[in-house]
Amino acid sequence: MNSLRTLVKCTGSSLLRVSQRNIMGSLFSSDTGSSNPELEQFVKEKINGNCVMVFSKTTCGFCRMAKETLNNAGATYEALEINNRPDAYEIQSILGKMTGSTTVPRVFINGKCIGGGSETKSLHNAGKLIPMIEDCGIKASL
Ligand SMILES: N[C@@H](CCC(=O)N[C@@H](CS)C(=O)NCC(=O)O)C(=O)O
């Protein structure tokens with residue numbers, strides 16, 4: 001597992017695909033039409049700057065499930081505990097527009113949302129989680 005830890009440093013070059021582009025996109029400076037482009041940029045930097053990024057709440061059982069699963073997988077990840085921030089609701093709204101769901105956790109690997117706690121655990125049980133994380137580490141080291 002230690003070798004995995006060294007693999008998962010990420011330069012964050014992957015681009016987010018936003019499915020719900022605002023049809024008046026040219027009038028807005030953000031991809032999701034967010035009224036807070038700076039916060040949207042912050043969220044994107046977190047996603048693109050970490051091979052594994054978890055938007056989480058300290059009070060949430062599914063978030064604990066996701067983080068425990070990632071710990072069991074030996075992954076290095078950043079967890080942003082949004083309930084410690086005054087803009088938690090806005091972050092969830094931005095994530096909702098990006099991923100189709102405002103629930104926490106929202107787990108991103110290599111710039112893509114893999115889902116929440118249940119999906120993270122299912123991927124690990126299916127033996128697919130570690131390869132996804134390793135793939136990100138390999139891309140980052142190229
Ligand atoms: N199926 C989702 C369920 C996630 C879920 O229900 N999360 C709760 C918190 S534990 C949530 O986001 N509630 C609304 C909120 O906190 O704003 C998963 O596996 O992650």
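This is a predicted model: local features need pLDDT of at least 70, side-chain atom pairs count only at pLDDT 80 or more; totals for chains, interfaces and linings use all residues.

Reader: Which order do the elements of the protein chain follow from the N terminus on?

Author: The protein chain has six helices and four strands, and from the N terminus on they run α-α-β-α-β-α-β-β-α-α. Of the contacts with a separation of 6 or more, 70% are between residues 24 or more positions apart, while buried residues make up 35% of the 142 residues.

Reader: In which sense do strand β1 and strand β2 pair, and over how many bridges?

Author: In a regular strand the side chains alternate between the two faces of the sheet. Here strand β1 (residues 52-56) pairs with strand β2 (residues 78-81) in the parallel sense, over four bridges, and Val54 stands opposite Ala79 in β2. Between the two strands the chain passes through α3, and this β-α-β crossover is right-handed.

Reader: Moving past β2, where does Asn83 lie, and why does Asn83 count as partly exposed?

Author: Asn83 lies in the loop between β2 and α4 (88-99). The class follows from a count of neighbours: Asn83 is partly exposed because it has 15 C-beta neighbours inside 10 Å, a number that falls between the cut-offs of 12 or fewer for exposed and 20 or more for buried. Leaving aside its neighbours within four places in sequence, Asn83 is in contact with Lys57, Thr58, Thr59 and Ala88. Asn83 and Cys60, which are 23 residues apart in sequence, are 9.8 Å apart in space, C-alpha to C-alpha.

Reader: Turning to the ligand, which residues surround it, and which helices each supply at least two residues of the shell?

Author: The ligand is surrounded by Lys57, Cys60, Gly61, Phe62, Gln92, Thr103, Val104, Pro105, Gly116, Gly117 and Ser118. The helices α3 (61-72) and α5 (117-125) each supply at least two residues of this shell. By class, the shell around the ligand has four nonpolar, six polar and one charged residues.

Note on methods
Residues are numbered from 1 along each chain as its sequence is written. Two residues are in contact if their C-beta atoms, placed from the backbone, lie within 7 Å. A residue is near a molecule or strand if its C-beta atom, placed from the backbone, lies within 6 Å of it. Ala, Val, Leu, Ile, Met, Phe, Trp, Tyr, Cys and Pro count as nonpolar, Asp, Glu, Lys and Arg as charged, and the others, Gly among them, as polar. Two strands pair if DSSP finds at least two bridges between them. A crossover is right-handed if, with the strands pointing away from the viewer, the path from the first strand over the helix to the second runs clockwise.
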